[in-house]
Amino acid sequence: MKPRVLTTLTAFLVVGMLLESRWSVGQTSSQERLVRIAELEIDPASLGVYKLALRREIEASIRLEPGVLSLYAVSVKSQPNQIRLFEVYASSDAYQAHLQSEHFRRYKTATASMVKALKFIETEPIELGAK
């Protein structure tokens, strides 16, 4: 096969894969997605260990679970032991699957004694955008 034809076919294949990926994600509307905000207070003496466990859990969830669309963790600048999580799941079923995943259960067990307070804020998505 000529290099130019091979390059053209490869380009069409890549574009097709990107469009298919965009379509499958786009099939779930913002309204069907489950969005949660969690407010956590972490024992200051355990903060470093907690952050490591949280990083590992987020990385595993994004890598292993197609229904976990976004997980963002930040700390309040003036109070680093105050953690805020912004979570976006493809659906309620995806969220339930996340709760049953091995890596999430391992994270919850490992950090249970570090979490001094946990509050969930249930939300109604209006529009979810990312660049």
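Author: A hairpin of two residues links β2 to β3; helices (H or I, at least four residues) and strands (E, at least two) are DSSP runs numbered from the N terminus. The model is predicted, so local features need pLDDT of at least 70 and side-chain atom pairs count only at pLDDT 80 or more, while totals for chains, interfaces and linings use all residues. Residues are numbered from 1 along each chain as its sequence is written, and side-chain values use heavy atoms, with hydrogens and water left out.

The protein has four helices and four strands, in the order α-β-α-β-β-α-α-β from the N terminus. The four strands make an open sheet ordered β2-β3-β1-β4, with antiparallel pairing; two strands pair if DSSP finds at least two bridges between them. β2 and β4 are the edge strands, each pairing on one side only. On average, neighbouring strands of the sheet are turned by 20 degrees against each other, direction ignored.

β3 has a partner on either side. Eight bridges connect β2 with β3, and the two run antiparallel.

Across β1, β2 and β3 lies α3, which runs at about 130 degrees to β3. For that angle, axes are lines fitted to C-alpha atoms, for helices over the stretch in contact, and angles run from 0 to 180 degrees between N-to-C directions.

Now to one residue of the strand, Leu-85 in β3. Why does Leu-85 count as buried? Its relative accessibility is 11%, and buried means under 20% relative accessible area, exposed over 50% and partly exposed in between (1.4 Å probe, protein chains only). Of the 131 residues of the protein, 31% count as buried. Leaving out residues up to four places away in sequence, Leu-85 touches Arg-36, Ile-37, Ala-38, Leu-40, Leu-54, Tyr-72 and Ala-73, where contact means heavy atoms within 4.5 Å. From Leu-85 to Glu-39 the C-alpha to C-alpha distance is 6.6 Å, though they are 46 residues apart in sequence. For the protein, 70% of contacts between residues at least 6 apart in sequence join residues at least 24 apart.

Leu-85 also faces a pocket. The second largest pocket is lined by 21 residues, with Leu-85, Glu-87, Phe-104, Tyr-107 and Phe-120 nearest its centre. Elements giving two or more residues to this lining are β1 (34–42), α2 (47–64), β2 (68–76), β3 (79–89), α3 (92–100), α4 (102–111) and β4 (115–122). α4 contributes the most, four residues. The lining of the second largest pocket has 16 nonpolar, two polar and three charged residues; Ala, Val, Leu, Ile, Met, Phe, Trp, Tyr, Cys and Pro count as nonpolar, Asp, Glu, Lys and Arg as charged, and the others, Gly among them, as polar. The volume of the second largest pocket is about 280 Å³. A pocket is an open set of points on a 1 Å grid over the protein atoms alone, where a 1.4 Å probe fits, with protein on both sides within 12 Å along at least five of seven lines; lining residues have an atom within 4 Å of a point. Grid points are joined across faces, edges and corners, and the volume is the space filled by probe spheres set on them.
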